[in-house]
Amino acid sequence: MTDNALPTAKTTTAKTTTAKTTTAKSTTKKAATKRTPVKKAATAKVATAKVDGAQLVKFYRDMVLIRRFEERAARAYTEALIGGYCHLNLGEEAAVVGLMGALRDTDYLFTNYREHGYAIMRGIDPNRTMAELYGRVDGVSKGWGGSMHMFDMSHRLLGGYGIVGGQLPLATGAALAIQYRGLDEVVMCTMGDGTANIGAFHESLNIAALWGLPVVFVVINNGLGMGTTVAKASAEPEIYKRASAYAMAAERVDGLDPLAVLDAAQRAVASARAGKPFLLEVLSERLRGHSVVDPAKYRSAEEVAHLAQFDPVPNLAARLVKERILTAAEVHKIDEEQAARADAADAFAQASAQPDVSTLFDYNYATPVANDSRRLPGEALFATVARPTAEVTR
Amino acid sequence: MTMKTYRQALHDTLRAEMLRDENVFLMGEEIGVFEGSYKITAGLLAEFGEKRVKDTPIAEEGFTGAAIGAAMLGLRPVVEIMTINFSLLALDQIVNHAAKIYGMFGGQAKVPLVIRTPGGGGQQLGATHSQNIELYYAFVPGMKVVAPSTPADAKALLLAAIRDDDPVLFLENLALYNTKGEVPDEDRPAEIGRAKIAREGHDLTLIGYSRMAYIAKNVAETLAESEGLDIEVIDLMSLRPLDRETIINSVKKTHAAVVLEDDWLTYGIGAEIAATISDGAFDYLDAPVRRVAMAEVPMPYSKVLESAAMPTNDDVVSAIFQTLEAVGRRLKKVGQSHD
């Protein structure tokens, strides 16, 4: 179980595969029960050739910001300052920055409930992101959404969604609207590995491929759907191969290497922009439980002990120093700056006002409507009126 | 005014709205090449092309959700779900997404979506194809649910629904498609959230929507002729929001009410109406509120059993007589105690 639970791409640091699923072999019984290693592609040199110091430093800054933000959020959550559920991007930072780096400002993102890092990387102020976790008026969704439901039209984040798979039909429809208007925009729709097993996944990929919609479906495969391994949930654990059922192009990439993710995401986005939707599977790691409160006891001590070596943030720091792109002191300075940024976001959120109860019915409807209910729980629908006595004795 | 069928009124309104606004487009199963299972969209593919009239795969969750996503970006999709039974496959997209998106994101995205779908029964289609489950949607904040009973109202409510910025479930009915009525030639959208006094009267309030409003009007006219009864008929028109005020005001006048519904009685729309009357006109009632509703069984295929399960004109007449009889008993008792 331990072996099966671990994503297999962690030993590769380069772009791993460009396999078109239309040529992918069908699943063997072995593949269904044990995760097959990602093929080391002959194109591995691409990633090393592409190393761009400035790009790596930017990735590192962003990844550390997400890391510190999530750690700060987890702290606030355990202090009961944040309510509801709180799913963190810890371990997913390289995937987040690589994916978001491939989008233009005019492109759209639909994502799921594990979304704080995506919101920040779409350009949303971490202060407003944190304020949403606190349920305050300055929150990105004005305190109506919380951790799972962030939305900002100006940054084209069209929602975090709490229902597994709920965002897929929506993203498909947004892509339909883009096609309808003849625009040059793309929709990216991210999801977890468990989502590949829900009906909306099949319906949406089929419709997207059928109609040639500009959408990239991204599966973040961290090996675990809550506590259930991919091997235990998916008959075809190599999720990118599902695309072959829709004659859709697909790739699987190492999600612990931000450059590899960026590279693959750029190809996927370019394909979608040309009217060919794409399925991108990003092999990632979940360093902690499903959400803050999950101690992840279903993972063995051995597995947990191995996790640290797959942590993309210190790995990238080590690489930056080793390749002499940054000094250890410079890396440390970035860490401190981003920790301060996360603390500032937390301070901003704490200082932000609570919503006024009088705003409870402000978003009942976009078009005002007669007889809209604005009743508080204890209020009567009608004042009790006695029938006039004259009428009773008629 | 032009005399036309409910079906024709829907067709003509869809066409006119597509001509008026390029953002209005249609999606659904078999609406294009096949021209619609009930032919509401006949001829529209030929006139507007595949971009505006999109035949979809059999994937209610997928295409209803896609319509919601397109609406979030400002298009105005009108989805046809072949019958309301199949809307269950899109329940997550309608309830968790269409109805939630405006409020859940703090008013940042509107969902100007119309879902047209017929309810029904009485066509020997069996248990899974004869349900009236509009209640599921009328229950949900964020949704608007309308249910016209005449060709004129079908036009007026469809105009309102398409021009509204919220998700609207537009309930049609298989038994109404061929009914005829005068339809205004000009565009006068109805006001969603308002019921209509379809017939004024003083003896009893008869409340219904969709097919049962049609039956209510017929029964009221028949009893006016045969019994000289003066029955007030309320056509709810809008199930969410619900126009409680109109119901209460009527019952305060008539002191008796019979509620007609094509759904099941337990927890049904009629239960909400009865509770409303209890809340707002309890002291004015001279008899318990009576409900006429579908028998609580999976609809049988057999014509005999199906007919027995569905409310008929006779059931309505009988409920009215029993209610008036109860009113008479009460009046007699009240009269004695106060004489």
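The dialogue below treats a predicted model and sets its values against the definitions.

Student: What makes α8(A) and α9(A) roughly parallel?

Tutor: Helix α8 (residues 167–181) of chain A packs on helix α9 (residues 199–211) of chain A at an angle of about 15°, and their axes are 8 Å apart. Angles under 35 degrees count as roughly parallel, so α8(A) is described as roughly parallel to α9(A).

Student: Which hand does the crossing of α8(A) and α9(A) have?

Tutor: The crossing of these two helices, α8(A) and α9(A), is left-handed.

Student: Which residues of α8(A) and α9(A) meet?

Tutor: From α8(A), L168(A), P169(A), T172(A), A175(A) and L176(A) take part; they meet A200(A), F201(A), E203(A), S204(A), I207(A), A208(A) and W211(A) of α9(A). By class, the residues of this contact of α8(A) with α9(A) comprise 9 nonpolar, 2 polar and 1 charged. Glu counts as charged, so E203(A) belongs to the charged class.

Student: How many residues does each chain give to the contact between chain A and chain B?

Tutor: Chain A contributes 46 residues and chain B contributes 49 residues. On the side of chain A that touches chain B, β2 (157–160), α8 and α9 of chain A are the elements giving two or more residues. Of these, α8(A) gives the most, with 9 residues. The side of chain A that touches chain B has 26 nonpolar, 15 polar and 5 charged residues.

Student: What share of chain A counts as buried?

Tutor: Of its 394 residues, 52% count as buried. Chain A has 15 helices and 8 strands.

Methods
Residues numbered from 1 in each chain as written. Chains lettered and ligands numbered in written order. Predicted model: local features only at pLDDT ≥ 70, side-chain atom pairs only at ≥ 80, totals over all residues. Axes fitted to C-alpha atoms, helices over the stretch in contact; angles between N-to-C directions. Helix = DSSP H or I, 4+ residues; strand = E, 2+ residues; numbered from the N terminus. Parallel < 35°, antiparallel > 145°, perpendicular 65-115°, else oblique. Left-handed = near helix turned anticlockwise from the far one by under 90°. Contact = placed C-beta atoms within 7 Å. Buried ≥ 20, exposed ≤ 12 C-beta atoms within 10 Å, placed from the backbone.
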